[in-house]
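Dear colleague,

My notes on its salt bridges and helix packing follow.

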Amino acid sequence: MLDLHDQWRNFEKTGQYRFTPPIHVIVSFHQALTEFFEEGGQPGRGKRYAENCKVLIDGMHALGFEPLLSHNLQAPIIVTFRMPADPRFRFQEFYDRLKDRGYVIYPGKLTVADSFRIGCIGRLYPDHMRGALAAIRDILEEMGVTSLKPAKAA
C-alpha cells in the first residue's frame with residue numbers, strides 16, 4: 001500500500017493519483033493555508049497567539065494564579081500555571097466544570113510542580129480567552145476556593 005508521500009510523488013509525475021485521491025486532505029490543507037495567509041502568515045498568526053497569551057496570563061494573574069515560567073521564558077503557545085494549594089481546589093472538579101462550559105484545559109505533566117496548562121493557539125481569539133477567564137472565576141467561586149497561592153516547593 002502506498003503512503004501519502006508515494007501518492008504525491010506519483011501525482012507529480014503523472015498528474016493523476018494511483019488510488020482514490022485524498023480529497024479531504026487536499027481541501028483541508030488548502031483551507032488551512034488560505035486562512036493562514038489571510039491572517040498575515042506567521043507574523044499575523046503569531047501576533048494573535050501572543051495577544052491570547054497576554055490576555056490569559058494577565059487575567060489569571062488578576063485572579064491570583066501563578067504561571068510556572070517567568071515572562072522572559074514564556075512562549076505564546078501553552079501556559080502552565082501552578083496548582084493552588086487551597087484544599088477546596090480539586091483539579092478534576094475544576095477541569096470537569098470548565099469542560100461543561102466548553103473549555104478544555106490540560107493536566108500538568110511536570111515533576112517540578114503540580115500544575116495545569118491552558119493553550120493559546122488554534123482557532124482561539126482574545127474574546128475566547130476572556131470567556132475562559134470568566135468561567136474560571138465563576139467556577140472558583142462555586143468551589144469556594146479563596147486562595148490561589150501554590151504549595152511551597154519541597
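Asp127 and Arg130 are three residues apart in helix 5 (residues 126-143), and therefore about one helical turn separates them. Their side chains form a salt bridge, N to O 2.9 Å; the term denotes a side-chain nitrogen of Lys or Arg within 4 Å of a carboxyl oxygen of Asp or Glu. Asp127 is exposed at 58% relative accessibility, whereas Arg130, at 42%, is partly exposed (buried is under 20% relative accessible area, exposed over 50%, partly exposed in between, with a 1.4 Å probe and protein chains only).

This is a predicted model: local features need pLDDT of at least 70, side-chain atom pairs count only at pLDDT 80 or more, and totals for chains, interfaces and linings use all residues. Residues are numbered from 1 along each chain as its sequence is written, and side-chain values use heavy atoms, leaving out hydrogens and water.

The structure holds twelve salt bridges. One of them joins Asp58 to Lys54, with the closest N and O atoms 2.6 Å apart. These two residues lie four apart in helix 3, about one helical turn; Asp58 is partly exposed at 40%, and Lys54 is exposed at 52%.

In helix 4 (residues 91-100), Arg97 and Glu93 are also placed four residues apart, and their side chains meet in a salt bridge of 2.9 Å, N to O. Both belong to a salt-bridge network of Arg90, Glu93, Arg97, Arg101 and Glu142.

Helices here are DSSP runs (H or I, at least four residues), numbered from the N terminus.

Kind regards
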